[in-house]
Amino acid sequence: MDLLIFQAPILMVQASMDGILLGILFALIAYGMALQWGVMNIINIAQGDLVILGGYIAYFMYLYGIHPAWGVIVSPIIMYFVGIGIYKLVINKVVDRDLFISILATFGISILFMQLMNFAFGADVVLANSGYGTTMLFDNSVVLPNSKIFAAVISIIFAIGLVVYMKKSKLGRAIRATAQNARAAKILGVDTEKVYAATFGINAALCGVAGALISITFTIHPYMGLPYTIRSFMIVIVAGLGNLPGVAISGMGLGVFEEFADYILGTEFRIGSVFLLLVLILVYRRFKLSKKREYLK
Amino acid sequence: MINKNLIIYLSILIFGLAAPFVFPAFKVQLSILCVLIILSITWNIQGGEMGYNSFGNILFYGLGMYLCASVQVGMFFPLAEWTESGGEKTFVHTPAQFFQGFGVGLAVAAIVPTIVAGLIGYSILGLRGHYFAICTLGLGVAAGEISGGIEIIGAGQGFTTPPFPNIGGLEARGEFFYFCSFITLVLTFLAVKSIYSTRFKLVLNAIRDNEDKAEAMGIQTMKYKIIGWMISAFFCGLAGGIMGGLVGYIDSTDVAFDGREMGVFMVLMAILGGKGTLWGPVIGATLFHIFKEGFWTFFLGWQYVALGVLIVVIVIYFPEGIMGWLREKYPERFGEVIDEADRKAQVELK
Amino acid sequence: MKIKNYIVTFVSAIALLLSTSAISFAKVVGDKIILGAAVSLTGKYSSNGVHTQNGYNMAVERINSMGGVKVGGKTYKFDIIYYDDESNPKRAAQLAERLISQDKVEFMLGPYSSGLTKAMAPVTEKYGVPMVEANGASRSLFTKGYKYLFAVLAPANLYLDVAIRTAVELNGGKGVKIAQAFEQDAFSQDVRLGILDAAKETGSEIIIDDKLPKELNDMAATLAKVKVAKPDVLVVSGHTKGALTAIRQIAEMKVDVPMLAMTHCDAAKLSKQHGKNSQYALCASQWHKTLTYKDKWFKDGMTYDADFTKMFGYAPPYQAAESSAALLVFKDAFERANSFDQKKVRDALAATDMQTFYGNIKFAPGGQNVSKPMVLFQVICDSSGKCENKVVAPLKWASAKLIHPIPKWSER
């Protein structure tokens, strides 16, 4: 127990700000997760590894003298095709199967990716410096790195862009139709195979954006993907499938919860408390539903 | 038929008892294999027979590991001092203390996880499908992270289990742990086999096939689900306790609550062998272990690439596992009579 | 169906191949002395595991090309069997067992990190296999009475001890306020113990004591606390990830502390990855290239640095240097024992008293190296933004004066 946060209330402002900025970034990854879960009914364990791969693209741009911020444009384009490739090779064979099969298959992809990234990019922990400086608030007592603000802004832009795209474009409508009822969509002439491929591609592209942002704000390493996967799970489950504003809100909520848990319980329990929260939320929802003789499915 | 089975069982038993003397260099590998088989058999009770794909059995395994070691130490020495400063102080167990402690430790390691499973069972087993899978995953990870913050069991510095007493020469330690794990394996197998021959298994299968209907027929599904999970927890805890002694060093996330490896491997092994069968997990675990060890030796650093490809291939092409594949190929051997014309018609329909 | 059949055939062929090919090595084959080593090629320690492996390989190549090891009038060459321990203590213990009982290795080199060494040491000890390790610094390794474990490095609790004492000295002998954040693993927690001891002795106060989870790459909360609590010294240790994350976020959050002490600065390539932001960071190191130790294989630190850079394309962090030194120790012990008997080699190892480019090596009864002090260097940048690690303590090797306190971010 650490009570510093109550002695210095300004820390609460700092924690909330940090949490919200962090949460928006998580929400972007979770958005991709929700998309593929909703449309294709698969859970992608390799989500975090796609994020890290996206981060490496930005890092290599940085290494060759290009400003890493351009990574948010380049990385999704490359990752889109990586996503399509993974879909064609593996995912299309698990789409119609039990959800559990997709968990295991993508777990396989995940360890494959980790290892290949380790060979390709080396085992060093790396990062890209954006040189964006810092914003000071409230008489210098709250500091917000500009790179985090940049990351949040870009995440919001991409998320809004995607929502609009889903609503307006032909492919977006096809994706939504497939999510509602794949069979009916097929009968009405939607090429569901193509829709699935595009969905997975878009998901990978979102991961690419998030990865580029993470390489600017945090660090990347071939074996660091799993925490991102699990956090995006958590966000999607709390928000519920197909609930887009919910994803954003629960993402930010998770970020804030993490920061506060860190201050109050101690850093060593930060991740543990997040997972305990996941369990508790699920159990809470289960009991709430069981009153109506229903269950989470 | 009974005779034939008896011969198979006897020969496996004899092989198991003779193995450490025939292949003395492989004792540790064989002990680990036994533990893997136990985990995979117990996972199969939920995942295979009951249709509840759990990623959380690692919780019981890790709990058993920490409990066994803590009891073994705590019975004779102050546990807090044992783990203080990364285990700097040295206490020595006499042989009698070591074995006594280990025995009591194993008993605790089996009983406490069973109780835990019973306590949380009602809440957790009310979830279905992937919500159950993810909830149990969260449970496993949370347990690992939280135990990593608890000082008395070593926290981040890990917990060195009591060293094996200096008796019986170099081979004694390996033999002791091998027989511990082998005997536990035999007990697990027999227990699970006898359970599978009762109505209990039919209830579990009914839950897997359609839980609502099972409930409508008047089966108290929740009771059976919890009992099933408690049986798993019992043997997982035992396996964890033995593994802790075998490894000799417990780390919260990498050894005890090793969800990323053991937690997923137990699922994979069961699927590779064929879930929902008695022998599937055994075969799956054995093959998996041979593969993993082989890749380790010959494809240094590439083992995860090979493993990743293997996993993808298994799940995509053999979701029914080896037993399922055999069953499809040789249905007669499994006591299934299939009308060839009917089968063809079905294949064409597909 | 067809694909399935192919897969089944292929898989069974491989399974057959794997299960029949249990190769057994011997301790000394022909003119080769075979050493066993498990290093982390994958997993969270993989970057440092590779440094360790490179260090070993460099020394093997150098010793072999300079005449090898002379035992009983015959010349032998070193060879190492590597396994990948996947940064996992369970695997490391298993591999130690495997190297010894399946591959029949009789001499071992250590893995990377204290946790893995802690897992392997009981196994090597049981079989009486001498293990010279270069990367397991945890103090508890040396209080267990292990007879066959030798570490060429100074124990972890000494890593940042000097930093605290220096800070107290600069504070006029009065105790200082310390904020610390350590990763939840055996090594970092042992560094923490050293700080606790030093704080107790100097009457310093620890005001923030955070433990970072292994997966964490965000320290914003800890640093925000530091900003509020205003300690005199901030200590961070968490392998390479910890060092990189700390510097990034300290710079971004403009955290002003008079002294910043860390570990793993050179393994993280701090000055290269962060440039000027890493300036003034004080780093504990087992070795630095400017130290004046000498030996006949690598000559001195500068030459080692140059040769290593030529061979592997990056400057050697101390993890590589100490790993190379482990082989020099082995060679020396073999020649003095003039035998391959494990007991004799063990006794020879225990009697080691030599100088290598890496430092003097002499083992205490517990197995730790007692004749080599830790060095502290500070990252110092010139006006053009080029940063270098300059030794500041101990004074004997100091090539620059410690800059203390660190200038505030607003004044940089």
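Predicted model: local features only at pLDDT ≥ 70, side-chain atom pairs only at ≥ 80, totals over all residues.
**Entry 1. Strand β12 of chain C and its neighbours**

I began with the strand pair around that bridge. Strand β12 (residues 282-285) and strand β17 (residues 375-381), both of chain C, run antiparallel and are joined by four bridges. Within this pair, I found C:Leu282 opposite C:Gln378 in β17(C).

I then turned to the partner of β12(C) on the β11(C) side. β11(C) and β12(C) pair in the parallel sense, over three bridges. Here C:Met262 stands opposite C:Cys283 in β12(C).

**Entry 2. The hairpin of β17 and β18**

I followed β17(C) onward to β18(C). The two strands run antiparallel and are joined by six bridges. I noted C:Gln378 opposite C:Lys390 in β18(C). Together β17(C) and β18(C) form a hairpin, with five residues between them. In the turn, C:Gly385 has a positive phi of about 95 degrees.

I also checked the burial of β18(C). Five of its seven residues are buried, so β18(C) is largely enclosed by the rest of the structure.

**Entry 3. The sheet as a whole**

In what order do the strands of the open sheet stand? I read the order in chain C as β9-β8-β10-β11-β12-β17-β18, seven strands with mixed pairing. At the edges stand β9 (205-212) and β18 (387-393) of chain C; each has a single partner strand, so one side of each is left without a neighbour in the sheet. On average, neighbouring strands of this sheet are turned by 25 degrees against each other, direction ignored.

Helix α8 (residues 239-252) of chain C lies across β8 (177-183), β9, β10 (233-237) and β11 (259-263) of chain C. Its direction is at about 140 degrees to β10(C).

**Entry 4. Domains of chain C**

I consulted the domain assignment of chain C. It gives domain 1 as 25-154 + 291-362 and domain 2 as 158-285 + 382-411. The centres of the two domains of chain C, taken over C-alpha atoms, are separated by 30 Å. To their contact, domain 1 of chain C brings 18 residues and domain 2 of chain C brings 13 residues.

Which elements give two or more residues to the side of domain 1 of chain C that touches domain 2 of chain C? I listed α2 (46-65), α4 (114-127) and α11 (318-337) of chain C. By class, this side of domain 1 has six nonpolar, nine polar and three charged residues.

**Entry 5. Chain A against chain C**

I moved to the contacts between chains. In this one, 32 residues of chain A are in contact with 31 residues of chain C. On the side of chain A that touches chain C, the elements giving two or more residues are α2 (10-40), α5 (99-121), β2 (142-145), α11 (244-265) and α12 (270-290) of chain A. Of these, α2(A) gives the most, with five residues. I recorded the classes on this side of chain A as 17 nonpolar, nine polar and six charged.

**Entry 6. Chain B against chain A**

The contact between these chains takes 35 residues from chain B and 38 residues from chain A. On the side of chain B that touches chain A, at least two residues each come from α5 (95-124), α6 (129-147), α12 (259-273) and α14 (303-317) of chain B. Which element gives the most to this side of chain B? I found α6(B), with 12 residues. The residues on this side of chain B divide into 23 nonpolar, nine polar and three charged.

**Entry 7. Overall form of chain B**

Chain B has 16 helices and two strands. Its C-alpha atoms fill a box of roughly 75 × 45 × 40 Å along the principal axes. For 350 residues, a compact globule would have a radius of gyration near 20 Å, and the 21 Å of chain B agrees with this. I noted that 54% of the 350 residues of chain B count as buried. Among contacts in chain B with a separation of 6 or more, 80% are accounted for by residues 24 or more positions apart.

Terms used: Residues numbered from 1 in each chain as written. Chains lettered and ligands numbered in written order. Pairing = 2+ DSSP bridges. Axes fitted to C-alpha atoms, helices over the stretch in contact; angles between N-to-C directions. Contact = placed C-beta atoms within 7 Å. Nonpolar A, V, L, I, M, F, W, Y, C, P; charged D, E, K, R; others polar. Domains from an automatic or database assignment. Rg over C-alpha atoms; globule rule 2.2 N^0.38 Å. Buried ≥ 20, exposed ≤ 12 C-beta atoms within 10 Å, placed from the backbone.
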